Amino acid sequence: MGEQGGALALVRLRRGVVGESRRVIHLIPVPTEGALPGHLTALCGEEVYPGQAEMLDRLCGMPCQTCLLRSPAPAPDFLAAAG
């Protein structure tokens with residue numbers, strides 16, 4: 001969940017935009033209202049512009065440690081619902 005309970009997208013910068021060691025998976029709050037901004041900002045502060053990144057449908061690769069540290073904690077019943 002992003003700010004104000006919105007969704008978070010998993011995004012990785014494309015090859016050639018940054019070096020391989022910087023191609024980590026960022027968490028980006030998904031805008032829920034209004035026009036899309038000119039760029040999106042990951043929880044770590046990384047600015048991502050159109051065409052620079054790929055959206056991922058699952059966590060596959062190295063996550064951005066700062067994005068993880070700044071991500072909201074799951075709801076208390078999150079793990080209990082897992083079974």
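**Close-up views of the predicted model**

**View 1. Lining of the largest pocket.** In this predicted model, 18 residues line the largest pocket, and Leu36, Leu40, Val48, Pro50 and Met55 lie nearest its centre. Strand S1 (8–13), strand S2 (25–29) and strand S5 (53–56) are the elements that each give two or more residues to this lining. By residue class, the lining holds 14 nonpolar and four polar residues, with no charged ones. The volume of the largest pocket is about 310 Å³.

**View 2. The open sheet.** S2, S1 and S5 form an open sheet of three strands, in the order S2-S1-S5, with antiparallel pairing. S2 and S5 are the edge strands; each has a single partner strand, so one side of each is left without a neighbour in the sheet. From one strand to the next, the twist averages 40°.

**View 3. Pairing of S1 with S2.** These two strands run antiparallel and are joined by five bridges. Val11 has His26 in S2 as its bridge partner. Both strands also contribute two or more residues to the lining of the largest pocket.

**View 4. The chain as a whole.** The chain contains one helix and five strands, which follow the pattern β-β-β-β-β-α along the sequence. Of the 83 residues in the chain, 27% are buried. Among contacts between residues at least 6 apart in sequence, 50% join residues at least 24 apart.

How values were computed:
Residues numbered from 1 in each chain as written. Predicted model: local features only at pLDDT ≥ 70, side-chain atom pairs only at ≥ 80, totals over all residues. Heavy atoms only, no water. 1 Å grid on protein atoms, 1.4 Å probe; cavity = no way out; pocket = protein on both sides within 12 Å on 5 of 7 lines; lining within 4 Å. Points joined across faces, edges and corners; volume = space filled by probe spheres on them. Helix = DSSP H or I, 4+ residues; strand = E, 2+ residues; numbered from the N terminus. Nonpolar A, V, L, I, M, F, W, Y, C, P; charged D, E, K, R; others polar. Pairing = 2+ DSSP bridges. Axes fitted to C-alpha atoms, helices over the stretch in contact; angles between N-to-C directions. Buried < 20%, exposed > 50% of the residue type's maximum accessible area, 1.4 Å probe, protein only. Contact = heavy atoms within 4.5 Å.
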